[in-house]
Amino acid sequence: MTGSQGDPPAADLPAAGPAAAGPAATGPPVPDAAGLPGGGAGPAAAAPRPGIVNVANALTVLRLVMVPFFVLFLVTGGTGWRVAAFALFIIASATDLLDGRLARQRGLITDFGKIADPVADKALTGSAFITLSVLGELSWWVTGVILVRELGITVLRIMVIRRNVIAASRGGKLKTLLQVIAISLYVLPGPFGLARPLVMGAAVVVTLVTGADYVIRARADKP
């Protein structure tokens, strides 16, 4: 015999350690600091989507509201009204820079903003080109070329916006700057000589080149 008569066989001895507690040791898992059973890491909470009512979208809508007043001031004529139209145009153009920056910095990018922002931009510059042509101060072919390009790119941007947002290139920013300067020169009263046609010509060239570049980048990004 390997043990005394009163000793139980070795196989019947209770196991040492936590297992000796048996089922009584089991119980519901203790929640961790995050409130998840067993201390497991759950999926990260998704960031809340920004609401449609925010400062960036408000600036975009404000730019749209300014358009008819800009046209009214421009067609009224007279030095004072021309200066007022110029001031309103510059303020509206500034909101274009501000709303995009605020949307990116504060996470206020919405589907409404993605569509309304380019529409507001084209409404402002398009109304300026059309009104200047109606007044006989700008050739219709210039207005036609620029509007066809701008409307075409806007439609293309809306078509691909669900798949990807193609960032504005340096050429696109230069195009916008040249258009703003050219329109301002035509809106402001005063003898600007060759400055008006030269800047407008540069704006037309850059507008066409950047339009072609956007189409190429959009096609390259197509899955």
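Predicted model: local features only at pLDDT ≥ 70, side-chain atom pairs only at ≥ 80, totals over all residues.
**View A. Arg217 is partly exposed, with a relative accessible area of 28%.** Residues are numbered from 1 along each chain as its sequence is written, and side-chain values use heavy atoms, with hydrogens and water left out. The side chains of Arg217 and Asp213 meet in a salt bridge, at 3.2 Å from N to O, where a salt bridge is a side-chain nitrogen of Lys or Arg within 4 Å of a carboxyl oxygen of Asp or Glu. Being 4 residues apart in helix α6, the two are separated by about one helical turn. An α-helix has 3.6 residues a turn, so residues three or four places apart point the same way.

**View B. The protein chain is built with 6 helices and 0 strands.** Helices (H or I, at least four residues) and strands (E, at least two) are DSSP runs, numbered from the N terminus, and from that end on the elements run α-α-α-α-α-α. Of the 223 residues in the protein chain, 33% are buried. Among the contacts (heavy atoms within 4.5 Å) with a separation of 6 or more, 72% are between residues 24 or more positions apart.

**View C. Phe70, Leu138 and Met200 touch the most other members of the largest nonpolar core, which has 23 residues.** A nonpolar core is a set of buried Ala, Val, Leu, Ile, Met, Phe, Trp, Tyr and Cys residues joined through side-chain atoms within 4.5 Å. At least two residues of this core come from each of α1 (55-76), α2 (79-105), α3 (111-134), α4 (140-160), α5 (170-187) and α6 (195-220). Leaving out residues up to four places away in sequence, Leu138 touches Phe129, Leu132, Ser133, Thr143, Tyr186 and Met200.

**View D. The structure has 2 aromatic pairs.** Rings of Phe, Tyr and Trp (its six-membered ring) pair if their centres lie within 6.5 Å, and planes under 30 degrees apart count as stacked, over 60 as edge-to-face and the rest as tilted. Phe70 and Phe89 form a tilted pair, with 5.5 Å centre to centre and 35° between the planes. This pair links distant parts of the chain, with Phe70 in helix α1 and Phe89 in helix α2, 19 residues apart, and both residues are buried. For Phe73 and Trp81, the ring centres are 5.2 Å apart and the planes stand at 40°, so this pair is tilted. Trp81 is partly exposed, with a relative accessible area of 42%.

**View E. Arg196 lies over the face of Tyr186, at 5.8 Å from the ring centre.** A charge sits over a ring if NZ of Lys or CZ of Arg is within 6 Å of the ring centre and within 35 degrees of the ring normal.

**View F. Asp96 and Arg63 form one of the 9 salt bridges in the structure.** Their closest N and O atoms are 3.8 Å apart, and the pair joins distant parts of the chain, since Asp96 is in helix α2 and Arg63 in helix α1, 33 residues apart. Arg63 counts as buried, at 0% relative accessibility. A network of salt bridges links Arg63, Asp96, Asp99, Asp117 and Asp121. Side chains of opposite charge can pair when their charged atoms come close.

**View G. Glu150 and Lys175 meet through their side chains in a salt bridge of 3.2 Å, N to O.** Glu150 lies in helix α4 and Lys175 in helix α5, so the pair ties together parts that are 25 residues apart in sequence. Glu150 and Lys175 are both buried.

**View H. Helix α4 has buried residues that include Val142, Ile146, Leu147 and Arg149.** The elements that cover the buried residues of α4 include α3, α5 and α6. At 1.5 Å a residue, the 21 residues of α4 should span 30 Å, and its end C-alpha atoms are 30 Å apart, which agrees; the expected span is 1.5 Å times one less than the number of residues in the helix. Thr154, which is found in helix α4, counts as buried at 9% relative accessibility. Setting aside neighbours within four places in sequence, Thr154 is in contact with Pro118 and Lys122.

Terms used:
Buried < 20%, exposed > 50% of the residue type's maximum accessible area, 1.4 Å probe, protein only.
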